[in-house]
Amino acid sequence: MGFLRSTAPAPPGTGAPPAGDWSDPGFLLRNSPIRNAWRLFIQLFKPPRGHRTVPTRTGMVLILLALGIGTAAFNTAQNILYIALAMLLSSLLLSGLLSWMNFKGCRWRLQTVEPYRVGEPGTVELAVFNGNRWLPIYSLSFDLAAVGQKLAQRLSLNRGLSPGDTSRLAWDFTPTRRGTETVLLQRLSSKFPFGFLVKTIDYTQPREIVVWPARVPYTLQLERARYTRPLGNIARRPGGGTELRNLRHYRPGDSLRRIHWKASARQRRLIVRENLEDAEQSYVLVIAGHARNWPRPAQFERLCAFAATLAEDLHVAGRLAGVGFGDEGVQRVHTLGDMHAVLDRMALLQPSDLRPASIPPGALVILEFAPSGSDHVTCVSNGNPVGQA
Amino acid sequence: MGIPLAKLDYRDLYQIKWILGGLLSVLAMWNVFALDLGFTWLVWGAASLMAGALLYPPLTNGLPAWFWKMQTPLIVVFVVSDFILAGGDYIPPLIRMILLLTLLRTLQPRTRREDLQLLLLALILLIVSGVLTLEISFALQVVLFTPLAMLYLFVISLAEAFGVEPEVPEEPWNGFSWRAFSQRVRGLFDARLIAFGGMLFVFLTVLSAGIFISLPRFELGQALPFLRMQATASSTGFSEDIRFGDVVSILNNNAVAFRADVPERSTSPIYWRMMALDEYTGEGFVMSEVARSVGRRMSAHTLSAPSALRRHETSPEDGDWTLYLEGGVSRFLPIPGLFDTLRFQNRQDLTVFDGMGAVSLRELPANVSFFQLTRVREVAALPRTESDRALLRSEGERGSGALAAYAELLLGLPDDPRNRRILEEAVEKIAGGETLSVQDFGQRAIAYLQHNRGYSLETRIPPGREDPVLRWMQAGLDGHCELYAAALVLLARAAGHPARVIVGFAGGDWNGFENYYMVRHLHAHAWTEIFDQDLGWLHFEPTPAADGPGGSSPGSDAADTSRDLGDRTWAAYLDSLRVIWFRRVVNFDRAQQAELIQGVRQSVGSIGEGVRETLRDALAAIRSAFENPLTWRDAGWILRNLAIAAFVWVALRFLYGWLRGRQFAWPGGARRTRAEAGRWLRRLREAPGSCLPPGVESPEIPEDTVEEALYQLRYGPPPSWPAPAETFQRARQTLRERRRAAR
């Protein structure tokens, strides 16, 4: 976005402002007042890329009225008409000036609040800051869009924003398709102050988001999955069991009940107990196969949704050991970050990415997926169907 | 610290814009009262309803639904009938239509579209009434209307941002009270916003004035006869047919009939000639059919003087006179003497009476009209014209037909032999059997008429069978200008000299503030012109002076005022404002524009010349300092100027920095914080174990580190900042730990 001024330095090699960065209209780029003034003068005739000022219907009426009065004034030499014409023209000029001033102090930032999931409302937040020292900002409208899904929403700042204040506008949008999506501020517009002109700034702050697969209802009978043995160190992960695993320093968020008071007194800082999770049967989900097995896109989508839902549920239940994608081996899922990485991967999964699995048999309780009928997906463990979506 | 913006909801905004719309309508109505529209009840009724609705908006709730349903057909019927009944004079019904639509839009609950319609209607009403009246009140109206209209549009724009449907709230005026409303509105205002609004208003006014002055004025011949209203009747009664008493009847009217902008004040009373009446009817004088028939009809913007008033030689002292004739005074233009050309602001339909030396507008204007006379000279006699050929004594020179008939008319007397006998006896007394020149005869006749006779507006002519003028003359009563002028004409004609009565104005009050004549209705006057074979039409003033017996005469009043400092009363001051408005605004033309530009150019040139001169002196002083041994005086001069230049430079830098800091910096001393953050980032980068590679301005910053927080302080906007003091404390600790770890 070369026409925007970024208030923080952009990372080398990227044209877009870094995530979380603020943008402004880029009117005053230079430090030199003379160069700024010259730049503004040039912008009167050649607006920056993406900036447009067009008359509204009211503005067109005003222009036509000015033309009519001007014609009558020139043909009649009536100075009353010249006064009216001067008044209309100065109103137009003042309108442009105030509109410029309104935009001048404005800074905005688009923030994505992850995660986004198909069929569930997610939030895109737009923060607007008034950088003016004295003047409030009025009547700004923001057109946000999700480009891939052709979703759009207009958010309006319908109250004045005082100098130094920040207003946060939220767009709750519901993705309809998993994968990557570009959310951007498609247009920033204002009819301030008199509604004669609408001034717009196009295409700012594109943000890439990842939309996870939808959650789907499914049936699952895990008792039918064949148990071999717990997955060694996977079962020894920290958890809510009774066996002590480790002592460590207190971290914000730790339960007070887990504080080891004796050790804390010795160390003179808070020490908490970290217990092992009770040994339970854990599972590995494997998403493998061939693209030819999933010729129907809807069924493939159901596969992704089922796998993601199951993975998440097992993880919440503490029974997900890992996820394997084809022959890549098992990606262990310990933390929420691991889970998000898996879901991100599932969000981007395409049939062409599927490869045959190469997991040693008997090492884990493996749950695999297979098409069932024309649009269902079956979860299989060692050839036995254990669930369906 | 931000401005505390009052939190208005949509209903508040709706009420504010509704009231602003009402204010605009009432303001636009102001000049409509000055128009002679007819249907006075409509104007007053509309104004009362608008004011009532404005003062108590809930009143509009009481209007029944059927009223709003019926409004469109009712308006259509009214407007169509009005246009049909107006019979071609389309302006009054047009204004009535705009007025009616404005009224309805003012009273009704309004959507955004209807708000804009109301604004447009009010603007049109304002402009049309301004164009028709040309009054200075238009300036005040515009000055008030413009900011109100902008505020109105601003509120409409704010209300639109709410995106509320339906646009008109349910029962918008329920529970409305002015006290609560004004408290809410008061909460909107802040001293800085008011100051800013004031600055914008000044800016807008200056900008409008600048645009008004610099808009090009094209000489397109002013071809469009734009919006001119006709008065129904002349307020002076000056027409082609004047009966005795017509002029006198307006002498009690103190209102200004016209104003005259003249190059300098005249030492003698000015006679503003409007028309010449040549035919005596026994009840007064009229302009004869012959004189009327030779009037040239034309439509022009500029015209040469009628032949009777045309200059044949020019003098550098002769200047241009501009006259501002009030609406409804007369179709005939007051003309003070000979001139070259007569110029109107717009194309006008005219009748020019060459022989009479009169110019008449085809229609009686209802509003101020002004015209300019170039190279004016006051004269005591008008030159002979082609139409006066019939008046020459030489048979060879005398024409025939219509011209001869015209000559007979100018010598016409009452038919009755008794009247003729009275006149012959009077002429005998005046001339005493001598053959007098016209000049001498006129002087003696005036002396005869004024002998033991004075000026009076209330003259009771005794009854009798003779001509009324002769009865008055014989009775020796005081009289007014019409009687004196008529008597002198009859005496001159009886002596064989063609003569006519001239009506117009004499003198005027000199405005001591802006130096122009205010000619009032009470300066209306009648006098006499007698034809001289050699000199043309000689001017005679038969009415006695003001200090004579019986009263005062307007002409002599003018002579008195010409000697003092002029009128410097409050009324004159207010009147002078009006003339400034006419001179500087309404009459602003290409010539004035060129003059103004020339003036600006000269001013700029003189400033440039001054700067050049100063620089030359400075260079010469420096050169002389190098060429000659440096004296203490030279050194002091150089040091002083260097100090001044340095001071100016520093002051400008400071001012710019202050303005920039006030206007553009992030609030809360952001610069110092940013600088401090920058210092800590540099220390951390240079310290052992830094996660920031040296020399890279924008590295990938590890999350949740003190470096990230410092970067946020250094480059991010204040709303996103972590607490600066705590961040710097963290940075200090981190630096200490890393140094300790490195040891």
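User: Across which strands of chain B does helix H14 (residues 481-494) lie, and at about what angle does H14 run to S15(B)?

Analyst: This is a predicted model, in which local features need pLDDT of at least 70, side-chain atom pairs count only at pLDDT 80 or more, and totals for chains, interfaces and linings use all residues. Residues are numbered from 1 along each chain as its sequence is written, with chains lettered from A and ligands numbered from 1 in the order in which they are written. Helices (H or I, at least four residues) and strands (E, at least two) are DSSP runs numbered from the N terminus, contact requires C-beta atoms, placed from the backbone, within 7 Å, and angles run from 0 to 180 degrees between N-to-C directions of axes fitted to C-alpha atoms, for helices over the stretch in contact. On these terms H14 of chain B lies across S12, S15 and S16, running to S15(B) at about 10 degrees.

User: Which strands stand at the edges of the open sheet of chain B, and why is one side of each left without a neighbour?

Analyst: The sheet has 5 strands with antiparallel pairing, in the order S3-S12-S15-S16-S11, where pairing takes at least two DSSP bridges. Each edge strand of chain B has a single partner strand, so one side lacks a neighbour in the sheet; these strands are S3 (271-277) and S11 (381-382).

User: Which residue in S15(B) is the bridge partner of B:Ala499?

Analyst: Strands S12 (residues 499-506) and S15 (residues 524-532) of chain B pair in the antiparallel sense over 7 bridges. In S15(B), the partner of B:Ala499 is B:Ile530.

User: How far apart are the axes of helices H4 and H5 of chain B?

Analyst: H4 (residues 91-107) and H5 (residues 112-133) of chain B pack at an angle of about 145 degrees, and their axes are apart by 9 Å.

Methods
Two residues are in contact if their C-beta atoms, placed from the backbone, lie within 7 Å.
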